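Subject: Handover of a structure and summary of findings

Dear colleague,

Please find the structure below, together with its sequence.

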Amino acid sequence: MTNRLELSGVIAKDPKRSKSLAGIPHCHFVLEHRSYQKEADLPRQVYCYINVVISGQGQQILTQDLVVGSHIKVGGFVSYQTGRNGIGKLVLHADYIEKI
């Protein structure tokens, strides 16, 4: 089964860093994407917010310079997560990040 998403955009909320109980570092932020795409041979304005998490010691060096307003491209898989408030959301678990 395929589960792969690549998205470019701007960091919309300050990155937050944390560690799991197992000591795995995580960086969480929100990516805002805006573009024009073609649908039914017509241009369509596209907009979305998506929560992104990057996990693992080796990946944290890629996130150290991220701030609100940084233009980036990320890639990874998406997963559904339910928050403490019971509201569900899609989260992009990134394994690739590039400043653009």
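Which residue in E5 does isoleucine 54 stand opposite? The residue is alanine 94. Please keep in mind throughout that this is a predicted model.

Overall architecture

The protein contains five strands and one helix. Along the sequence these elements follow the pattern β-β-β-α-β-β. The C-alpha atoms fill a box of roughly 50 × 30 × 30 Å when the box is taken along the principal axes. The protein has 100 residues, and 31% of them count as buried.

The five strands close into a barrel, and their order in it is E1-E2-E3-E5-E4. The pairing in this barrel is mixed. On average, and with direction ignored, neighbouring strands of the sheet are turned by 40° against each other.

The strand pairs

- E1 and E2: strand E1 covers residues 5-19 and strand E2 covers residues 25-39; the two run antiparallel and are joined by seven bridges. Lysine 19 has proline 25 in E2 as its bridge partner. The two strands form a hairpin with five residues between them, and glycine 23 in the turn has a positive phi of about 90°.
- E2 and E3: these strands also run antiparallel, joined by 14 bridges. Glutamate 39 is paired through a bridge with leucine 42 in E3. Their hairpin has two residues between the strands, and alanine 40 takes a positive phi near 55° there.
- E3 and E5: strand E3 (residues 42-55) and strand E5 (residues 88-99) run parallel, with four bridges between them. The residues of the opening question, isoleucine 54 and alanine 94, stand opposite each other here.
- E4 and E5: strand E4 (residues 71-82) pairs with E5 in the antiparallel sense over 11 bridges. In E5, lysine 89 is the bridge partner of glutamine 81. The hairpin of E4 and E5 has five residues between the strands, and glycine 86 takes a positive phi near 85° in it.

The largest pocket

The largest pocket has a volume of about 340 Å³. Which elements give two or more residues to the lining of this pocket? They are E1, E2, E3, E4 and E5. The lining consists of 15 residues, and His28, Phe29, Asn51, Val52 and Lys89 are those nearest the centre of the pocket. By type, the lining divides into five nonpolar, six polar and four charged residues.

Isoleucine 50 lies in strand E3. Is isoleucine 50 buried or exposed? Its relative accessible area is 10%, and because buried means under 20%, isoleucine 50 counts as buried. Leaving aside neighbours within four places in sequence, isoleucine 50 is in contact with Leu5, Leu7, Phe29, Val30, Leu31, Leu90 and Leu92. Lysine 89 is 39 residues away from isoleucine 50 along the chain, and their C-alpha atoms are separated by 8.6 Å.

Phenylalanine 77 is placed in strand E4. With a relative accessible area of 41%, phenylalanine 77 is partly exposed, since this class lies between the limits of 20% and 50%. If residues up to four places away in sequence are not counted, phenylalanine 77 touches Asn3, Val91, Leu92 and His93. One of these, valine 91, is 14 residues from phenylalanine 77 in sequence and 8.3 Å from it in space, C-alpha to C-alpha.

Aspartate 14 is found in strand E1. Which residues does aspartate 14 touch, not counting those up to four places away in sequence? They are His28 and Val68. Aspartate 14 and asparagine 85 are 71 residues apart in sequence, and their C-alpha atoms are 21 Å apart in space.

Yours sincerely

Notes. Residues numbered from 1 in each chain as written. Predicted model: local features only at pLDDT ≥ 70, side-chain atom pairs only at ≥ 80, totals over all residues. Heavy atoms only, no water. Pairing = 2+ DSSP bridges. Axes fitted to C-alpha atoms, helices over the stretch in contact; angles between N-to-C directions. 1 Å grid on protein atoms, 1.4 Å probe; cavity = no way out; pocket = protein on both sides within 12 Å on 5 of 7 lines; lining within 4 Å. Points joined across faces, edges and corners; volume = space filled by probe spheres on them. Nonpolar A, V, L, I, M, F, W, Y, C, P; charged D, E, K, R; others polar. Buried < 20%, exposed > 50% of the residue type's maximum accessible area, 1.4 Å probe, protein only. Contact = heavy atoms within 4.5 Å.
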